[in-house]
Amino acid sequence: MRTDRDMFFSKEDTKGVKQPHDDPLVIMLTIEGFNTRRILVDNGNSADIIYLSAFQQLKLDPKRLHPFESPPLVSFSGDKVYPKGIVTLIVTVGSCPRQLTRHLDFLVVDYPSSYNVIIRRPTLNRWKATTSTYCLKVKFSTKNNVGEVKGDQVLARECYQAMLATKENHTWMIKEKEKEKVEALETVELVDGEPMKTTRVGTTMSPDTKKKLV
């Protein structure tokens, strides 16, 4: 038996959505008390982003922007952008009484975009949220059962067309340092007393895993 706390999607959730479609999930959130549209929900595992133009439109105090020392953000097309900094903002998703309000950290990026904000997987996990690109909807747990926010399909198509026209790339990832990508290896003998029969294994694995692998 299902309860209101079960997060599932049904035919009821597809009402108002023009099918078939491949539209992105674009929603509205309340950020610092302002209804903010053109927010892309991206299930990628990276930082939440607010574009500098949106940061300025919200009339946020520049002093709230703190330095962010890291490698640049890199898109799949190879574009590199260094964030202007990081800012903590109050974000509300959903509507009363089924809503969540959280402090979220955003990287501020100075780059042309048809979107104002990008919400990524870490925040969706904090919200205990489930997304459906087919239904264009986000559902999440609240103290008053399951809340939800519907995607704006018309706005999503406008953003997508604008993105294609400008060859925009919103798929940003924080570039890893080379030394963090490479794990140190050690040489081990596969047969005791036969130094020519060896292999190399990672130094960070547990002794049990190492033994099984060898």
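**Reading a predicted fold, strand by strand**

Modeller: Let's start with a hairpin: two residues carry the chain from β10 to β11. Strands here are DSSP runs of E with at least two residues, helices are runs of H or I with at least four, and both are numbered from the N terminus.

Colleague: Before we go on, what kind of model is this?

Modeller: It is a predicted model, so local features need pLDDT of at least 70 and side-chain atom pairs count only at pLDDT 80 or more, while totals for chains, interfaces and linings use all residues. Residues are numbered from 1 along each chain as its sequence is written, and side-chain values use heavy atoms, with hydrogens and water left out.

Colleague: Fine. How many helices and strands are there in the chain?

Modeller: The chain has five helices and 14 strands.

Colleague: Back to that hairpin, then. How many bridges join β10 to strand β11?

Modeller: Two strands pair if DSSP finds at least two bridges between them. Here, β10 and β11 (residues 145-150) run antiparallel and are joined by six bridges.

Colleague: Is isoleucine 90 partly exposed or buried?

Modeller: Buried means under 20% relative accessible area, exposed means over 50%, and partly exposed lies in between (1.4 Å probe, protein chains only). Isoleucine 90 has a relative accessible area of 36%, so it is partly exposed. Across the 214 residues of the chain, 36% count as buried.

Colleague: What about contacts over the whole chain?

Modeller: Take the contacts with a separation of 6 or more: 62% of them are between residues 24 or more positions apart.

Colleague: Now the charged residues. How many salt bridges does a search of the whole structure find?

Modeller: The general idea is that side chains of opposite charge can pair when their charged atoms come close. The test for a salt bridge is a side-chain nitrogen of Lys or Arg within 4 Å of a carboxyl oxygen of Asp or Glu. By that test, the whole structure has eight.

Colleague: Show me one. Which side chain meets aspartate 13 in a salt bridge?

Modeller: That of lysine 137, at 2.9 Å from N to O. This pair links distant parts of the chain, 124 residues apart: aspartate 13 is in the segment before β1 (26-31), and lysine 137 is in strand β10 (residues 137-142). Aspartate 13 counts as buried because its relative accessibility is 7%, and lysine 137 is buried too, at 5%.

Colleague: What does arginine 120 meet in a salt bridge?

Modeller: The side chain of aspartate 42, at 3.1 Å from N to O. They sit 78 residues apart, arginine 120 in the loop between β8 (117-119) and α2 (121-126), aspartate 42 in the loop between β2 and β3 (49-51). Arginine 120 is buried at 1% relative accessibility, and aspartate 42 is buried at 17%.

Colleague: Which residues do salt bridges that share partners join into one network?

Modeller: Asp13, Lys137, Lys139 and Glu148.

Colleague: Which ring faces does lysine 139 lie over?

Modeller: A charge sits over a ring if NZ of Lys or CZ of Arg is within 6 Å of the ring centre and within 35 degrees of the ring normal. Lysine 139 lies over the face of phenylalanine 8, at 5.7 Å from the ring centre, and over that of phenylalanine 9, at 5.0 Å.

Notes:
Contact = heavy atoms within 4.5 Å.
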